[in-house]
Amino acid sequence: MPGQSWQPASRTQKRHFNGEYTVTSRDSRTSRPGTLDPLGPLRDPLEPGCDVFLTGTVFLDIIFTGLDSAPVRGTESWARGMGSSPGGVANMATALARLGLRTSLAAAFGDDHYGEYCWDALEQGEGIDLSMSRTVPGWHSPVTVSMAYEGERTMVSHGHEAPPPAGPGPFPWCPPRTRAAVASLSAGRREDWIGEAARRGSRVFADVGWDDTGRWDLGALADLEHCEAFLPNAGEAMRYTRTDCPRAAARALAEKVPVAVVTMGSEGSYAVDSRTGETAEVPAIAVEALDPTGAGDVYVAGFVTGSLAGWPLADRLAFAGLTAALSVQEFGGSLSAPGWSEVAHWWRTAPEELRGRYAFLDALVPPGAVPCYRRRAVPTIGFRSPA
């Protein structure tokens, strides 16, 4: 694009959107086929080239797990586990791609080993389209250190905002035509690309971060008007709606957006579709959590997948909750995201009391599906020779 400083597409193997893809992992040195396509029955030759577009900041995440408690001032704490993986918006992008959605990410990458690792892990390792992404000369990758303990996490981050590309207009100035876009809303800030994506026919799914101003003004979320679905957690939803119940908060949000989904942690999630009047509530799946990093992103990815596939509201909540539950049993954010092989394995061994609620998986999970190699977070960003 004229005036833009884009990373050349030849840096790594380009993914081809032809219903199936092959990617090569530097870790395994082998090619492996693409995952199950949940939108297969809906595809036609005139559809968009990708399913989901998103943009944001990619971090290198360093995660410490197995801490018995929070670090104590003036002491040294030893963690029993550690992992490294792409983080930030990479959590969502990876979760979407592992569920079979053709994912396009526009992001800046640092001109350093961290940036190179994140780029390769996302494009080669996960098959994410990075043709709208760019490497910024002289800019170092943002880093987050996450410490998981007592079912929670504490994070410390460092980084600088990437300089904008040369030339007029915001980045990205022209999002591709897609089935959906995923956005993170910010109070008092309008992102031009969100409205443009909606005008191009994308269904916009959004979450929101913590409001550091403390105002919790729903009217300040200007881009909410472009969204089909809004997925805050219970604390955020109740603050924005001035309610004291997550379900009441969801009903209030449904007056502003077609579909409101409120996640309630160990209680599960509750949703309202204001277009049909339908409501649904699905309890969470009890698991032993190793690391909650990125679980919210995985939940949104599961809900987006079910929405694009046209599933009933309750099934979308159930699938999103399942994918989030599977993710917290692995290290890291992006590389903890499950794919269809993990979903298939869970379904084959699911407790009897859950088989009725998740019976819709019978039509989705291929019989006899075998586990496949999937990158997981490891204590370094790469070895000089195959492990």
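Q: What makes H6 largely enclosed by the rest of the structure?
A: In this predicted model, 14 of the 15 residues of H6 are buried, so the helix is largely enclosed. Buried means under 20% relative accessible area, exposed over 50%, and partly exposed in between (1.4 Å probe, protein chains only). Helices (H or I, at least four residues) and strands (E, at least two) are DSSP runs, numbered from the N terminus.

Q: How do you know that the length of H6 agrees with its residue count?
A: The expected span is 1.5 Å times one less than the number of residues. For the 15 residues of H6 (295-309) this gives 21 Å, and the end C-alpha atoms are 21 Å apart, so the two agree. Just after H6, Gly 310 has a positive phi of about 80 degrees.

Q: What do the sources say about numbering and confidence?
A: Residues are numbered from 1 along each chain as its sequence is written, and side-chain values use heavy atoms, with hydrogens and water left out. The model is predicted: local features need pLDDT of at least 70, side-chain atom pairs count only at pLDDT 80 or more, and totals for chains, interfaces and linings use all residues.

Q: Why is H7 called roughly perpendicular to H8?
A: H7 (residues 313-327) and H8 (residues 340-348) pack at an angle of about 100 degrees, with their axes 11 Å apart. Angles under 35 degrees count as roughly parallel, over 145 as roughly antiparallel, 65 to 115 as roughly perpendicular and the rest as oblique. The angle therefore makes H7 roughly perpendicular to H8. Axes are lines fitted to C-alpha atoms, for helices over the stretch in contact, and angles run from 0 to 180 degrees between N-to-C directions.

Q: Which residues make the contact of H7 with H8?
A: H7 contributes Phe 319, Leu 322 and Leu 326, and H8 contributes Trp 340, Glu 342, Val 343 and Trp 346. Contact means heavy atoms within 4.5 Å.

Q: What makes H7 mostly covered?
A: Of its 15 residues, 14 are buried.

Q: Why is Phe 360 called buried?
A: Phe 360 has 15% relative accessibility and therefore counts as buried. This residue is in the segment after H8. Leaving aside neighbours within four places in sequence, Phe 360 contacts Trp 311, Asp 315, Ala 318 and Phe 319. The C-alpha atoms of Phe 360 and Phe 319 are separated by 9.4 Å, although the two are 41 residues apart along the chain.

Q: Is Trp 216 buried or exposed?
A: At 7% relative accessibility, Trp 216 counts as buried. Trp 216 is in the loop between S12 (203-208) and S13 (227-230), and has a positive phi of about 50 degrees although it is not a glycine.

Q: Why is Arg 242 called exposed?
A: Its relative accessible area is 57%, so Arg 242 is exposed. Arg 242 is in the loop between H4 (234-241) and H5 (246-253).
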